[in-house]
Amino acid sequence: MIRISIDAMGGDHGPAVVIPALMTVATRRPDIRFVIYGREELVRPELAKFPKLAEVSEFFHCEIAVRMDDKPSQALRHGRWKSSMWKAVEAVKSGAADACISAGNTGALMAMSKFCLRTMATIERPAIAALWPTLRGESVVLDVGATIGADAHQLIDFAILGTGMARSVFGIARPTVGLLNVGVEEIKGQEEVKEAGRMLREANMASMNYHGFVEGDDIGKGTVDVVVTEGFAGNIALKTAEGTARQIAGYLRAAMSRTLMAKIGYVFAKGAFDRLREKMDVGRSNGGVFLGLNGIVVKSHGGADSDGFAAAIELGYDMVRNNLLDRIEADLDLFHARNPHALSSRKSDVVTDAKE
């Protein structure tokens, strides 16, 4: 059985969206069990609508719910040990759950996850990885907002983390990996990116196929399976893509309703437009994964509907089923065994920073 802990109070809609999503996933995945945390007066009425869900779930009342506008420091101060978000993350640490899903405040969820689960031994900073729809299918893009700015060592960490996720979710033995840059030429870009590229090329890891530098338009093309960048650029790229998808959808709706002939044409082309809408639906790729922690945490979009939240749950399920953490740890061990200077130089940097 795979056990998933749920922060039922997160997101714009709370239990009204979360609970139906659990029922959807429970129907598809008979080997799944849920540990649900939230306020009883709001969760129990929703659970009562799905008697079969209650058979595969445990519910625990939590008086505190982290608000969407809480600062991470506020959330930690008021919600540590007792909020639904903290309890859901803590369930992973204690072994009561294999993964945690929340649609709550991203900053608060990251702060609680780092505090409770801690980062893996050789990882300095975690990353948020997103599944990105492409012309070839889907790619993993990271970091999309956890770490603003990253040095060469951290970019290599992200490459290894993203490779582990691609192997687990896509079932690819050796995913292609690219570093996001302002050009594909080796002489272009920031020094950190060029240094990371050199180290990845020399590492020649068996678990990844390092492609080289990729540009922004390569993300949508699906040029590589894993796109690596730091959180500032990654978050802007993600928000731009989501906004562009909504913009194109708005253009199409306006064009199809402008004239009678356009409306008639829409009727005949409805199937094609439905497929386009499905491809552009950001909810179908919902779920940002916190990678680099000693546990699996998935952040659902706050405005996701029940289908979107169900997609986030199934993403967590797939990563547990395919041993994501074990894959990542094995890849990290292999890289540092072959490149001991990378870890030693990182430790010396930490000592130097501490002295300064």
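Author: Let's start with a term: a salt bridge is a side-chain nitrogen of Lys or Arg within 4 Å of a carboxyl oxygen of Asp or Glu. Keep in mind that this is a predicted model.

Reader: Okay, how many salt bridges does that rule give here?

Author: Side chains of opposite charge can pair when their charged atoms come close. Going by the rule, the count comes to 17 salt bridges.

Reader: What is the N to O distance between Asp318 and Arg29?

Author: These two side chains meet in a salt bridge, and the pair links distant parts of the chain. Asp318 sits in helix H13, while Arg29 is in the loop between helix H1 and strand S2, 289 residues apart. From N to O, the distance is 3.7 Å.

Reader: Is Asp31 buried or exposed?

Author: Asp31 pairs up with Arg321 in a salt bridge, with the closest N and O atoms 2.3 Å apart. That pair also links distant parts of the chain, with Arg321 in helix H13 and Asp31 in the loop between H1 and S2. Buried means under 20% relative accessible area. Asp31 has 19% relative accessibility, so Asp31 counts as buried.

Reader: What separates Lys221 and Asp217 along their helix?

Author: Lys221 forms a salt bridge with Asp217, and their closest N and O atoms are 3.4 Å apart. Both belong to helix H9, where they are 4 residues apart. So the separation is about one helical turn.

Reader: How are H7 and H14 oriented to each other?

Author: The axes of these helices come within 9 Å and cross at roughly 140°. Roughly antiparallel would need an angle over 145 degrees, and roughly perpendicular covers 65 to 115. The crossing is right-handed, and the two helices are therefore oblique.

Reader: How far apart in space are Arg167 and Met208, C-alpha to C-alpha?

Author: Arg167 lies in helix H7 and is buried, with a relative accessible area of 17%. In sequence, Arg167 and Met208 are 41 residues apart. In space, their C-alpha atoms are 9.3 Å apart.

Reader: Which residues make the nonpolar surface patch of about 310 Å²?

Author: One member is Ile236, found in helix H10. With 43% relative accessibility, Ile236 counts as partly exposed, and patch residues need over 30%. The patch is made by Ile148, Phe232 and Ile236.

Terms used
Residues numbered from 1 in each chain as written. Predicted model: local features only at pLDDT ≥ 70, side-chain atom pairs only at ≥ 80, totals over all residues. Heavy atoms only, no water. Patch = residues over 30% accessible without salt bridge, like charges linked within 9 Å, V, L, I, M, F, W, Y side chains within 5 Å. Areas by Shrake-Rupley, 256 points an atom, 1.4 Å probe, with all protein chains shown as cover. Buried < 20%, exposed > 50% of the residue type's maximum accessible area, 1.4 Å probe, protein only. Axes fitted to C-alpha atoms, helices over the stretch in contact; angles between N-to-C directions. Parallel < 35°, antiparallel > 145°, perpendicular 65-115°, else oblique. Left-handed = near helix turned anticlockwise from the far one by under 90°.
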